[in-house]
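Student: Can you go through this structure with me? I would like to start with how the chains meet.

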Amino acid sequence: RYVRQLQRLQFLFSPTAADARGARQFVEEAAQDFARQHPDVVLYVSPCSGTAPLVRAEYLNGTVREELIASKTSEEIVQLITKLANQSGLDIIRIRKPFHTDNPSVQGQWHPLTNKPSILTVQGPRLQPQ
Amino acid sequence: SGPPREKKRWLRAYLEMQRLQAPPKRRSEQPNWDYHAEIQAFSHRLQENFSLDLLKTAFINCCYIESEEARRRELGVDKDAVALSLQDNTRLAEQGLRFARAYLTQCFESAYPNLPAKGVEALVNYLTGQELVSFVAKNLSLQDLALCRDFPAPPQVLQRTFLAVIGALLESSGSERTGIFVRDFLIPQLIGKDLFEIWEVVNPMGLLVEELTKRNISAPEPRITRQLGVSTVLPVYFVGLYCDKKILAEGPGETLLAAEEEAARVALRKLYGYTENRRPWDYSKPKQGLAAQKAISSN
């Protein structure tokens, strides 16, 4: 079954700074709707003055991702956290190949002896055409 | 008087070093933690309706209760004044373990009817064993929610907590939903695993002869089918097992003995229906409530 990999989101922003205006608007208007739509993510809002406003996302495999939300509007923050909620906690690196299979071969993997006849097959004399 | 004194230049680097060298703390001791909200989110994440008291009991381990009592004694708090009325999760863990084992045994017996009892037992032991269950528990963030004395929680504690969660689900939602839960979280761990990685078989040839006598087929006759590089350092022998001149299985190996053993293992896999190209597990919703499920819940 599907288990959302995002565990919790922590919003750290200052109550008076100018660049945290979008964050404050988001917390007033859209945070409750987001929490209702995603009941399996825990939202923490904590004010801390003096630092840049950021949102910290913790995933089930332990990765912690921090994104700055300075000078972002409320809608942009909503888009950002929906993106975070749909991600898994794996590192964002180049994917080597976009496919994977657990059963790479159905009839058996080829090896140099696959289509060679075994030693035990007996080659009889050729039958004369009737 | 005058402007306030600046902090020294080395202070920032020193504080950063202290922060990096501090021992890791539990998530519950770090800022921003709400136990009740986390437990609610946990039950929503698994898409299951838990009764929250049972779930909270499931997370309490006995070592936590002992450490809490010791702490209270040290602080000098009177025992009667603040009674520690917390229940253990041992009962729920036992229930969960019994249910999981019974359910998994039933699943494997219906999916692989030819697999003998020892094989089924080996598979069930692997799926309810410490490493696998603690791995599943870690990836479901049980290590944050479980209350335990040591940090990080040892795998035994995680296994007990996970089984207690299964027990709590059994009591809250009934055996059908718990069966689906166990199927969804434990059976995918078998993907990509071979039968004989999980089940240690010492003498595959003897086992194969037993299986064939049960089915009234004559004893297998090993013959070399293919060979490559006989006089080199890395020879490859393909030994085929023939019953009544008909091929049963073929297996490769470095020496003739190793190849014969591998051929016996391949034959056993074919007989038990656990080959690599078998049908994948069926995860669809069960249509009817089986009577056997009720039999399990009364165990």
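Student: How many salt bridges are there between chain B and chain A?

Tutor: There are 5 salt bridges between chain B and chain A. A salt bridge here is a side-chain nitrogen of Lys or Arg within 4 Å of a carboxyl oxygen of Asp or Glu. Before going on, note that this is a predicted model, where local features need pLDDT of at least 70, side-chain atom pairs count only at pLDDT 80 or more, and totals for chains, interfaces and linings use all residues. Residues are numbered from 1 along each chain as its sequence is written, chains are lettered from A and ligands numbered from 1 in the order in which they are written, and side-chain values use heavy atoms, with hydrogens and water left out.

Student: Which residue of chain B does A:R8 meet in a salt bridge?

Tutor: B:D144; the two side chains are 3.6 Å apart, N to O. A:R8 belongs to strand β1 of chain A, and B:D144 to helix α8 (residues 142-145) of chain B. Helices (H or I, at least four residues) and strands (E, at least two) are DSSP runs, numbered from the N terminus.

Student: Why would those side chains pair?

Tutor: Side chains of opposite charge can pair when their charged atoms come close.

Student: OK, what area is buried between chain B and chain A?

Tutor: About 2600 Å², with carbon and sulfur atoms giving 51% of that. Buried area is the accessible area (1.4 Å probe) that two parts lose on being put together, summed over both.

Student: Where is B:N32 found?

Tutor: B:N32 is in the loop between α1 (10-21) and α2 of chain B. Its side chain makes a polar contact with the side chain of A:Q10, at 3.4 Å. A polar contact is a pair of N or O atoms within 3.5 Å; within protein, one must be able to donate a hydrogen and the other to accept it, and residues adjacent in sequence count only if both atoms are side-chain atoms.

Student: What else does B:N32 touch?

Tutor: Leaving out residues up to four places away in sequence, B:N32 touches A:Q10, A:L12, A:Y44, A:S46 and B:R27. Contact means heavy atoms within 4.5 Å.

Student: And how many residues does each chain put into the contact?

Tutor: Chain B puts in 33 residues and chain A 27 residues.

Student: New topic. What is the strand order in the open sheet of chain A?

Tutor: The order is β2-β1-β3-β4, with 4 strands and mixed pairing. Two strands pair if DSSP finds at least two bridges between them. The edge strands are β2 (42-47) and β4 (64-68) of chain A, each pairing on one side only.

Student: Do β1 and β2 of chain A run parallel or antiparallel?

Tutor: They run parallel, and 6 bridges join β1(A), residues 6-13, to β2(A). A:R8, the salt-bridge residue, stands opposite A:V42 in β2(A).

Student: How many bridges join β2(B) to β3(B)?

Tutor: There are 7 bridges, and those strands run antiparallel. B:Y242 stands opposite B:I247 in β3(B). The hairpin has 2 residues between the strands, and B:D244 takes a positive phi near 55° in this hairpin.
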